[in-house]
Amino acid sequence: MRKLLVLLVALVTVAAFAAVSISGSAWAELSVEFDTSTGTATPTITSGGSVKLVLSGNTGEKTGFSVSFSGFGVSSAYVWEKIYTSDTFSVKYRLGTLSRGTTYVSNSGGAFALDFNIASGDLTDNLSVFVYFPGNTTLVDADVYNSLSFTFLSLKAFAKGVISAGAGSFPLIGLDATVDLAKALNIQNASLSGYACLGIDPNQTGMDMLPNYKFGMMFGIDKLSGEAYFEGPETIGASFETTVLSPVTLGAYVELPTTLTGFGDIALGAYATWTSELLSHKVSIDFAQPNATVAWTVSVSF
């Protein structure tokens with residue numbers, strides 16, 4: 001905790017004497033988990049957040065620093081610098097502890113990343129190459145991430161361990177795709193989108209190539225929004241959120257296996273959120289047999 005406070009004081013001091021913009025967030029949560037099979041209760045308090053600094057000079061936002069912490073310990077930190085910028089193309093490097101990936105395939109840890117950003121009309125393409133030292137039989141390894149957006153289609157792809165996969169095999173691949181159906185079908189005053197999240201192992205055959213996958217639909221109309229999905233190979237879920245009692249937002253979700261045998265197989269929960277000046281509050285209850293968890297989370301963004 002002392003190290004974190006020293007770091008935050010240093011960041012504020014730097015901001016006071018330079019053209020630095022600071023943004024970030026912080027949260028704290030009090031939760032109590034009840035074990036219905038034994039009647040025991042376990043309370044916990046956790047916290048976390050992130051801080052981002054950007055130096056703005058005559059050349060615009062060229063350099064910056066980002067740090068994330070959890071439980072008063074720093075969990076990630078990196079510096080970045082734009083080394084080339086034009087109207088349609090820019091190159092940036094990042095150095096430090098970096099997280100990268102898609103829904104089902106990801107990686108984290110110390111790395112050096114080069115980010116290539118291309119923008120042309122409705123097309124935006126962000127390509128990142130991560131180089132790191134895994135500390136095993138592979139001296140140097142690399143990950144590749146690409147995010148592509150065009151009109152109503154967005155696509156994110158990630159290849160993990162490109163070098164360590166070797167010449168006779170393929171790296172694990174993650175793929176997230178989203179289609180804005182409301183935009184594609186010119187639907188007015190409502191939102192509708194479909195998505196697919198895939199974890200792909202090209203070294204397998206048949207359905208073994210898809211160890212993880214999820215397909216879903218999201219919608220929003222007036223004061224109601226929701227989602228329905230199938231997460232393979234055996235989970236069906238749905239969630240809903242409404243602002244009908246604004247400024248309080250209410251939400252709920254349910255998950256059940258495709259081979260449902262009883263109520264005990266169902267996971268469900270509900271929550272309410274509201275704001276109080278700078279603070280956002282969330283009270284939630286979740287149940288997945290045999291545990292029920294009640295939590296109060298307070299967060300702030302700046």
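Is Y84 buried, partly exposed or exposed, and what is the relative accessibility behind that label? In this predicted model, Y84 has a relative accessibility of 43% and therefore counts as partly exposed. The label follows because buried means under 20% and exposed means over 50%, with partly exposed in between.

The overall picture comes next. The chain has 302 residues, and buried residues make up 26% of them. Its secondary structure comes to 2 helices and 18 strands. Along the principal axes, the C-alpha atoms fill a box of roughly 60 × 50 × 50 Å. The accessible surface is about 17,900 Å². Carbon and sulfur atoms account for 63% of that surface. Contacts were also sorted by separation in sequence. Among those between residues at least 6 apart, 31% join residues at least 24 apart.

The aromatic residues were examined as pairs. A pair of aromatic rings is described by the distance of the centres and the angle of the planes. The structure holds 4 aromatic pairs. In one of them, the ring centres of Y84 and F89 are 6.0 Å apart. Their planes stand at 50°, so this pair is tilted. Tilted is the label because planes under 30 degrees apart count as stacked and those over 60 as edge-to-face. F89 is partly exposed, with a relative accessible area of 29%. Y93 and F112 form a stacked pair, because their planes lie at 25°. The centres of these two rings are 6.0 Å apart. Y93 belongs to strand β5 (residues 89-101) and F112 to strand β6, so the pair ties together parts that are 19 residues apart in sequence. Y93 is partly exposed at 23% relative accessible area. F112 is also partly exposed, at 34%. Elsewhere, ring pairs link Y213, F215 and F230 into a cluster.

The interior was considered next. In soluble globular proteins, nonpolar side chains tend to be buried together. Here the largest nonpolar core has 8 residues: L98, V105, A111, A113, F130, Y132, Y145 and F158. Strands β6 (106-120) and β7 (123-132) each supply at least two residues of this core.

A77 is partly exposed, with a relative accessible area of 25%. Leaving aside neighbours within four places in sequence, A77 is in contact with F65, S66 and V67, and with L95, G96 and T97. A77 and G109 are 32 residues apart along the chain, and their C-alpha atoms are separated by 9.9 Å.

L30 is found in strand β1 (residues 20-35). Its relative accessible area is 38%, so L30 is partly exposed.

Notes. Residues are numbered from 1 along each chain as its sequence is written. This is a predicted model: local features need pLDDT of at least 70, side-chain atom pairs count only at pLDDT 80 or more; totals for chains, interfaces and linings use all residues. Side-chain values use heavy atoms; hydrogens and water are left out. Helices (H or I, at least four residues) and strands (E, at least two) are DSSP runs, numbered from the N terminus. Buried means under 20% relative accessible area, exposed over 50%, partly exposed in between (1.4 Å probe, protein chains only). A nonpolar core is a set of buried Ala, Val, Leu, Ile, Met, Phe, Trp, Tyr and Cys residues joined through side-chain atoms within 4.5 Å. Rings of Phe, Tyr and Trp (its six-membered ring) pair if their centres lie within 6.5 Å; planes under 30 degrees apart count as stacked, over 60 as edge-to-face and the rest as tilted. Contact means heavy atoms within 4.5 Å. Accessible areas come from the Shrake-Rupley method with a 1.4 Å probe; for residues, only the protein chains shown count as cover.
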